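Dear colleague,

Please find the structure below. Some notes on what was found in it follow.

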Amino acid sequence: RNVVNPQPALDLHEAEASFQAIVDPYSRADFFVAFGPEGAEVEEGFVTFPTVPGGFLVKVGKTRATFGKVNTLHNHILPWTDRPLVSNNLVGGEEGIADAGISAARLIPNPWIFMEATGEVYRGDSNVFDTHERGDLTYVGHLRAYHDISDDANIDVGGSFAHGHNSSGVVNDIDIGRFTTDLWGADATIRWRPLQRAIYHSFLGRSEAIWSRREQGIGLGRSFGFYASGEYQFARRWFTGMRYDWSERAADSALRDTGQSVTLTYWPSEFGQIRGQYRHTRYAEGSDANELLFQFQFSIGAHGAHPF
């Protein structure tokens, strides 16, 4: 039972339709429409220009900001039935930082590792940021590095930054000030997949740490949170995993939530998965929640590969 964040016993949480096509030799369109109990919305809808002079990859439209790892992932890509506590407390939860804007990414040539830098400018309205004036934009930056450790393993690390205005400057529809929020993030992903037994055994470890600095009417809020998880494939269609969560609240760092999860996932085919998850959460209010969660997902039609 969860009295702090109760969920319905049964729910069609989300259905997603994707519309993707090459517009012309210079652009590609990707639109993802999510249908849920509250209605339909465009989760992402953008046009990509891969041949911009200077070696830039440019996206224009509504996108999930390239802040860390979890914020960029749609629900059906997550290795859990939920999102980590730090994502809910500091990065806006399921909706996260998703907004209309422009994104530009460029590879950084060097002889050692794959490196990519991304800079983004958004309108300023999301679950984390809130615009009061037309110029209250949100800025996001991300630096990613990838390297093969061996033929069987690789590592991906990144650093993120986001800056924008927050809603604490408005009380009872009265503007009492223009307050900002800064987010810093560090993420790491390691993957092991033996070439000769790749369909039977693999391991994927993930971790993400986030720092929040939030101006507000009662002072400056500084909060921190992280999660660490591992997912191991022990048979052709079976995966098990664990995750540890620790996160302070954005508005009050004295409020701290912790949690532990264990998952078991069965893939009947590449088009579907059945997942069970035991989740224990200790909320800052002093309440403990022990939950058994069940999830069934399936895809219809062709489905492209996702980044890990």
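Where is the place of Ser 287? Ser 287 is in the loop between β16 (272-282) and β17 (288-298); strands here are DSSP runs of E with at least two residues, numbered from the N terminus.

This is a predicted model, in which local features need pLDDT of at least 70 and side-chain atom pairs count only at pLDDT 80 or more, while totals for chains, interfaces and linings use all residues. Residues are numbered from 1 along each chain as its sequence is written, and side-chain values use heavy atoms, with hydrogens and water left out.

Ser 287 is buried, with a relative accessible area of 18% (buried means under 20%, exposed over 50%, partly exposed in between, with a 1.4 Å probe and protein chains only). Leaving aside residues up to four places away in sequence, Ser 287 touches Val 3, Val 4, Thr 281 and Arg 282 (contact means heavy atoms within 4.5 Å).

Next, the aromatic rings. The count comes to ten aromatic pairs; rings of Phe, Tyr and Trp (its six-membered ring) pair if their centres lie within 6.5 Å, with planes under 30 degrees apart counted as stacked, over 60 as edge-to-face and the rest as tilted. One of the pairs is tilted because the rings of Phe 161 and Trp 184 have their planes at 50 degrees, with centres 5.7 Å apart. This pair links distant parts of the chain, 23 residues apart: Phe 161 lies in strand β8 (residues 153-165) and Trp 184 in strand β11 (residues 180-192). Phe 161 is partly exposed at 31% relative accessible area, and Trp 184 is partly exposed at 36%. Ring pairs also join Trp 211, Phe 224, Phe 226, Tyr 244 and Trp 246 into a cluster.

Arg 106 sits over Phe 56, 5.9 Å from the ring centre, and Arg 243 sits over Trp 80, 4.9 Å from the ring centre.

β13 (219-233) is one of the strands that supply at least two lining residues, and β13 gives the most, with three.

Regards

Conventions:
Helices (H or I, at least four residues) and strands (E, at least two) are DSSP runs, numbered from the N terminus. A charge sits over a ring if NZ of Lys or CZ of Arg is within 6 Å of the ring centre and within 35 degrees of the ring normal.
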